[in-house]
Amino acid sequence: MKNMSNLIIMGPPGAGKGTQSERIVQELNIPHISTGDMFREQIKNGTELGKEVARYINQGQLVPDDVTIAIVKERLSRSDCSKGYLLDGFPRTLAQADALRKLTEEIHRPVQCALNISVDKDALIERISGRRVCPKCGNSYHVIFKKPRVENICDTCGSDLVQRKDDTPESLKVRLDAYENQTKPLIDFYKKEKILFEIDGLQNIDKVFEDILVILKGETK
Ligand code: AP5
Ligand code: MG
């Protein structure tokens with residue numbers, strides 16, 4: 001077993017990064033570091049940082065690199081990352097990837113595996129438009145593919161589910177463009193580092209997770 005525990009998960013908006021991350025961190029007992037979730041938490045709490053990033057996020061644009069790198073630097077320096085980490089949605093630009101290389105050298109935990117979930121555009125639109133999230137505990141559902149037990153009610157805390165503010169057709173277009181222009185080049189970046197692992201994200205949630213586990217455990221199919 002390779003025992004990889006310094007991980008990043010990449011893929012376009014709605015590919016299933018958050019859904020798979022929840023399962024991976026449970027399996028490996030490492031922290032799930034989602035820059036999107038961290039920013040949304042700041043917005044919810046009305047902090048200065050939240051106010052600064054809200055306009056970018058709601059429109060679907062990337063938050064500037066310096067702001068994003070700073071929150072990841074702080075998060076990676078915490079003690080729970082001493083056993084590994086799963087970065088979800090970071091890096092998203094080449095400048096962030098360069099910064100991450102330095103940050104992970106500093107904590108002696110270089111990235112060992114970049115999981116890249118591929119999903120075509122029609123499926124992304126279907127996944128994003130059907131996503132519902134709990135405003136209280138952050139749980140994520142889908143009206144067809146991951147239904148809550150009671151329609152539109154969070155299984156965990158009973159709150160009414162809502163749509164994410166950036167899950168509108170207008171924001172999604174901007175997010176997909178940002179992905180194509182700024183994030184997609186990272187596939188080559190990690191290919192060159194020989195740590196890129198491709199995942200067919202068009203399969204169902206359980207099957208995608210099965211394929212990820214095969215990679216993380218170093219087994220061959
Ligand atoms: P972020 O929160 O990272 O959003 P994203 O990348 O657009 O991705 P999503 O969270 O929308 O999708 P996901 O891949 O996690 O899919 P999920 O599992 O939910 O970032 C938001 C914003 O923050 C950015 O636009 C930017 O403004 C800012 N930001 C964040 N990081 C940044 C950075 N590094 N630099 C600069 N700015 C940054 O699944 C989607 C839906 O599909 C769910 O309903 C789920 O149930 C369903 N689903 C999942 N898997 C499957 C499956 N296999 N089959 C069927 N349905 C599925
Ligand atoms: Mg996500």
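This is a predicted model: local features need pLDDT of at least 70, side-chain atom pairs count only at pLDDT 80 or more; totals for chains, interfaces and linings use all residues.
The buried residues of α9 are Val208, Phe209, Asp211, Ile212, Leu213, Val214, Ile215 and Leu216. The helix has 12 residues, and the distance from its first C-alpha to its last is 17 Å, close to the 16 Å expected at 1.5 Å a residue.

Asn204 caps the N-terminal end of α9, with a side-chain oxygen 3.1 Å from the backbone nitrogen of Asp206. After α9 comes Gly218, whose phi is positive, near 70°.

Ile205 belongs to α9, which covers residues 205-216. Is Ile205 buried, partly exposed or exposed? Its relative accessibility is 25%, so Ile205 counts as partly exposed, since the partly exposed class begins where the buried class, under 20%, ends. Apart from neighbours within four places in sequence, Ile205 is in contact with Thr19, Gln20, Arg23, Phe145 and Lys146. Lys146 is 59 residues away from Ile205 along the chain, yet their C-alpha atoms are separated by 8.8 Å.

Ser21 counts as buried because its relative accessibility is 0%, and the buried class takes in values under 20%. Not counting residues up to four places away in sequence, Ser21 touches Ile9, His32, Leu86 and Asp88. One of these, His32, is also part of the lining of the second largest pocket.

**The second largest pocket**

The second largest pocket holds about 280 Å³ of space. Its lining is made up of His32, Ile33, Ser34, Asp37, Met38, Glu41, Gln42, Leu49, Ile71, Glu74, Arg75 and Arg78. By type, these lining residues divide into five charged, four nonpolar and three polar.

Which elements each supply at least two residues of this lining? They are the strand β2 (32-34) and the helices α2 (35-44) and α4 (65-76). The largest share comes from α2, with four residues.

Arg78, one of the lining residues, can be set against a residue elsewhere in the chain. Val174 is 96 residues from Arg78 in sequence and 33 Å from it in space, C-alpha to C-alpha.

**Two partly exposed helix residues**

Val174 is found in helix α7, residues 169-183. At 31% relative accessibility, Val174 counts as partly exposed, because that value lies between the 20% and 50% cut-offs. Leaving aside neighbours within four places in sequence, the contacts of Val174 are with Gln59, Gly60 and Gln61.

Asp98 sits in helix α5. The relative accessible area of Asp98 is 34%, so this residue too is partly exposed. Asp98 and Ser79 are 19 residues apart in sequence, and their C-alpha atoms are 23 Å apart in space.

| Pair | Separation along the chain | C-alpha to C-alpha distance |
|---|---|---|
| Ile205 and Lys146 | 59 residues | 8.8 Å |
| Val174 and Arg78 | 96 residues | 33 Å |
| Asp98 and Ser79 | 19 residues | 23 Å |

**Backbone features in the loops**

The loop between β3 (85-88) and α5 (94-106) contains Pro91. A cis peptide bond joins Phe90 and Pro91, with omega about 0°.

What is the phi of His108, a residue other than glycine? It is near 60°, a positive value. His108 is found in the loop between α5 and β4. His108 is exposed, because its relative accessible area is 68% and the exposed class takes in values over 50%.

Lys194 is also a residue other than glycine with a positive phi, here near 65°. Its loop runs between α8 (185-192) and β7. Lys194 counts as exposed because its relative accessibility is 70%.

Key
Residues are numbered from 1 along each chain as its sequence is written. Chains are lettered from A and ligands numbered from 1 in the order in which they are written. Side-chain values use heavy atoms; hydrogens and water are left out. On a 1 Å grid over the protein atoms alone, a cavity is a set of points where a 1.4 Å probe fits but cannot get out, and a pocket is an open set with protein on both sides within 12 Å along at least five of seven lines; lining residues have an atom within 4 Å of a point. Grid points are joined across faces, edges and corners, and a volume is the space filled by probe spheres set on the points. Ala, Val, Leu, Ile, Met, Phe, Trp, Tyr, Cys and Pro count as nonpolar, Asp, Glu, Lys and Arg as charged, and the others, Gly among them, as polar. Buried means under 20% relative accessible area, exposed over 50%, partly exposed in between (1.4 Å probe, protein chains only). Contact means heavy atoms within 4.5 Å. The expected span of a helix is 1.5 Å times one less than its number of residues. A polar contact is a pair of N or O atoms within 3.5 Å; within protein, one must be able to donate a hydrogen and the other to accept it, and residues adjacent in sequence count only if both atoms are side-chain atoms.
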